[in-house]
Amino acid sequence: MRRVLGVLALLLLVMLPAGCYDYSEPDEKAWVMAMGLDRGRQNVLTVTAVIAVPKNIAGSGGGQPAAGGGGKNFFTVSLEAPTLLSSLELLNAVVDRRADLSHIKWFVFSRELAEQGIGEYLAPISRFYQFRRTSLMLVCQGRAEDFLARGLPVLEDNAGKYYELMHRGWRYTEFIPFDTFHQFYYKSSAPGVVPVAMLASLERKEPVYPDNAPKPKGKYEAGRIPRQGGSSIEVMGAAVFRQERMVGTLNADETGLVKLINGTLRRTLLDVRDPKHPDKFVIMEVKPRQRPSVKVQIAGGHPSIEVDIKMEGGIISIQSGEEYEKPGNIPFLEDAVEKELLEDFHAAVAKSQELGADFFGFGLYAKKLFRTWPEWEAYNWDEKYPMASVTLHVDFKVRRIGLIHETLPQK
Amino acid sequence: MSWLKTLLQYLLYHKPRPESTVFQAGIEDKPGQAETGLAGGAGGRRQPQAAGGGGQKTSGRKKRGYSAREKFSGQVEENLSIEEILQGEVKLAYSLEENRRVLAKIFHVPQNKDVVLRSLSIGTNPPVKALLVFIDGITNAQVQNLAILQPLMVLSGLVDERRGAGHAGSVYRDLFDRVREALLPNNQVAETDTYRRVVDDVLGGNSALLIDGFNQALLLETKGWHYRSVGTPQVEAVIQGPQEAFTEQIRINTSLVRKIIRDPALVTEFIKVGKSSPLQCAVMYMANLANPDLVREVKRRLSNIRADYVQETGLMEQMIEDNPYYPAPQVLRTERPDRVAANIMEGKVGILVGGNPFAMVVPVTFWDLMQVPEDAYVRWPFGSFMRLIRYAGLFLAMLLPAHYVAIVGYHQEFIPTDLLLAMTGSREKVPFPSIVEVLIMELSFELIREAGIRIPGTVGTTLGIIGALILGQAAVAANIVSPILIIVVAVTALGSFAIPNYSFSVSIRVLRFVYIFLAALLGLLGILVGFFIHAGLLVSLKSFGSPFMAPAVPVMRKGHDYFLRGMAWQQETRPDYVEPLQERRQPRISRRWLYTRRGRQGGDGP
């Protein structure tokens, strides 16, 4: 017995040096929900941190939620700092609790900074252990500090949930890219593909368009959405990066096509011009039927890419009252959708070739034509891609016609 | 390593305890005394002299201390001489007076009012003096009156007159033989010639009849003590299944098992356990199933217990278990006859302890401790589901508070952001670290549970539950603990109640605190280290030769009844780890009606 006690005492001694190192209560930490980076005014960078105020979110003590409107659910701190993570240290000078990044949702770069290049900020944060690769990369029009400070959630108490749900739209819309920081990081370091980031903006107060001529919604992008009301920030479209520098933006439709080729498009609604009434729209629900097949051949020095896209969907509404649901008429609709998609696609491919940025990731399909990595790197896809010939095939099938199976003429 | 040993010696230094010598002096004297005692025929007569000698020796050898044994050395000597009579298998005397004197001394008559020494004379011609010895209260007075005293005192004369006097031509050897064969209409009669056997039987509720002129005694079955009738199980209640539980009477308990297993191969062996106050233990097993090595080992352990007081199953369990330092029980205690019967039919051995409503089953595995009979009594999907729930309860009871401490203190990135902010917000005003909160709540829950058991009356448990609720709400309102912790403690408590075996549940409750401690020191790593050691201990444990985690570790043939409950017709083999004499318990096809045509009687099956 005494020997057992001795062994236990020794074990206890072994444990004690560990001594609760790193033990910390959650209410001793300041939870950073988002960080924003701007070009600095008094130093290299202006770093903005969004810090949640838990007692206003959960209520404190007694289990009772706080009375609404008692205080803000988060506050922002903007610091002038030489690097991103040095601001984390500086935060402790103005915030009583220790700042912790392990629940961060958004990294927001201002467009100005993104166009300058963000490479020097990306690599350091991906090394840091508190940083999560599931967080998101955003590029905002205007300054990130304003964007974050004024981006108050309306429906949510918790800014972190707000940020997550704003991105959740990738599942049921075309205009929010799926890519998290992880995808962004590997795409920006691998040849053959360039990353895209979510495009965001504060609400634009002045009108975007001068007249009310018909415009498909797919032509919008963040900062150019004509609207009134709603929360003051908006996300739509994507920012294209090449060599860690932002080179352009994608509108809603183009973002959807990128997602289609990447395989992350789940469904979307398409406003198709009515084939028989050009001023009217048919609204179609569109979803991929199969993963897109991309075939790349390299002949005579420049690549030729063949993309085969198979889609399906249903009719949501027919504005003109035309009887498109009749079996004989369905092909008209299918052709119209295919034409619409093809047009968009050609425009998007042209844009990507013009920017010299293969955001579709065709290079990833070309990679397998090369036996070794050095060969592939030596081929220099980014230079060859703008000369590539891209052939597109779109096949669309109407599966469902909605809840009305026969259109009666309106009296 | 030697410096380590030295260090340990210094750390664990213990002042040597002074040896008590009075008693030992008595023991040293014993051989000589025993000889004289035996030679004298009775130990009583030379008592004063022996006591005086012992006392002188003791005082001469040891000046220091003044113990009760020294003060009452005369009584100590007398007790020793009684011990010698009993242990030395001293034979009865021919003289009735001598026997009466010795028995009176053994039973401390006349101080001891329980023991009755009834003189009588057998109504033969000429009358013979006899003595009936019994203990009042545990004998049946009616049986004694009608089946012993009446025939001996009244009816014996009638027979005598009809037959005529004298023994000539009698079928009986002598009077003693005649009393046993013809005069005592009692269903169990034994004879003996030692004081020890007489004393044992009298203590067991029998009556001893001693006849003048014979150095033998007749032991008559007159047991008549009071006991509880067979009731419903208090600890292991089931919803569907037999509602009988063992009671304090070992004979009733064995019959309850035998009522279920009506098989001539079911053997009940009785073993006397302990020396000073022997206790009857019944070892029950199937002679055609149980491994003889296992049976021999059980009997070896039971018969080699030398202890003062092991009158309870729990004490007995501690005496026979393989490894007392391990946290898990190595013997299955149950109050259900059906459970004992089912285990005996698997080739295990049941141990029933006299005077106890709990029986033991050996060997036991981890899986047995997590099972209840009801698993088998409901249809198999639900039996399996109940078991899964129970294992979930086990892990919650053991690890949930530790995980709470580890995750809140070290791994906040595990928590969903919403929950984290809610938890953070709700504990803004709590002044203690999480580990202190957890300890406060867990300890107060243990306090409530313990108090609930000790509180008199049936109101106790209700009071405990209400107390827990109030304590939880009040503690939150007073900002002593955070509200989420109440849920953690509640779920932990439910989990520990879901563990069916009481002593296993207690061990898990204690281990929970070890895990909380480890989690507070090292986070999840600490829990992992603790679990690794715990699992290592469990797999190295053995219960009566069977590995504790069998058949999972070491890998053995598995039936359909160790983790989940298989279908009743799949239970084809007995457990591998008990190595039964018959492996198969039912044929491959148990439901023969599937294979017989309708309208015909089944095959040759029973």
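**Exercise 1.** How many residues of domain 1 of chain A are in contact with residues of domain 2 of chain A?

*Solution.* Begin with the ground rules: this is a predicted model, in which local features need pLDDT of at least 70 and side-chain atom pairs count only at pLDDT 80 or more, while totals for chains, interfaces and linings use all residues. Residues are numbered from 1 along each chain as its sequence is written, and chains are lettered from A and ligands numbered from 1 in the order in which they are written.

Next, locate the domains, whose bounds come from an automatic or database domain assignment: domain 1 of chain A covers 26–209 + 217–262, and domain 2 covers 267–411. Two residues are in contact if their C-beta atoms, placed from the backbone, lie within 7 Å. By that rule, 21 residues of domain 1 of chain A are in contact with 25 residues of domain 2 of chain A.

In chain A, β8 (233–242), β9 (245–250) and α9 (252–262) each supply at least two residues of the side of domain 1 that touches domain 2, and the largest share, eight residues, comes from α9(A).

**Exercise 2.** Describe the contact between chain B and chain A.

*Solution.* Count first: 30 residues of chain B are in contact with 29 residues of chain A. On the chain B side, α1 (2–11), α16 (380–409), α17 (417–426), α19 (459–477) and α21 (502–522) each supply at least two residues, and α17(B) gives the largest share, nine residues.

**Exercise 3.** Which residues have the most contacts inside the largest nonpolar core?

*Solution.* A nonpolar core is a set of buried Ala, Val, Leu, Ile, Met, Phe, Trp, Tyr and Cys residues joined through C-beta atoms within 7 Å, where a residue is buried if 20 or more other C-beta atoms, placed from the backbone, lie within 10 Å of its own. Of the 411 residues of chain A, 42% count as buried. The largest nonpolar core has 114 residues, and Val32(A) and Leu138(A) have the most contacts inside it. Leaving out residues up to four places away in sequence, Val32(A) touches Ala49(A), Val50(A), Ile51(A), Ala99(A), Asp100(A), Leu101(A) and Ile104(A). Another core lies apart from the largest one and has 80 residues, including Leu289(B), Tyr404(B), Phe504(B) and Leu522(B).

Technical notes: Helix = DSSP H or I, 4+ residues; strand = E, 2+ residues; numbered from the N terminus. Buried ≥ 20, exposed ≤ 12 C-beta atoms within 10 Å, placed from the backbone.
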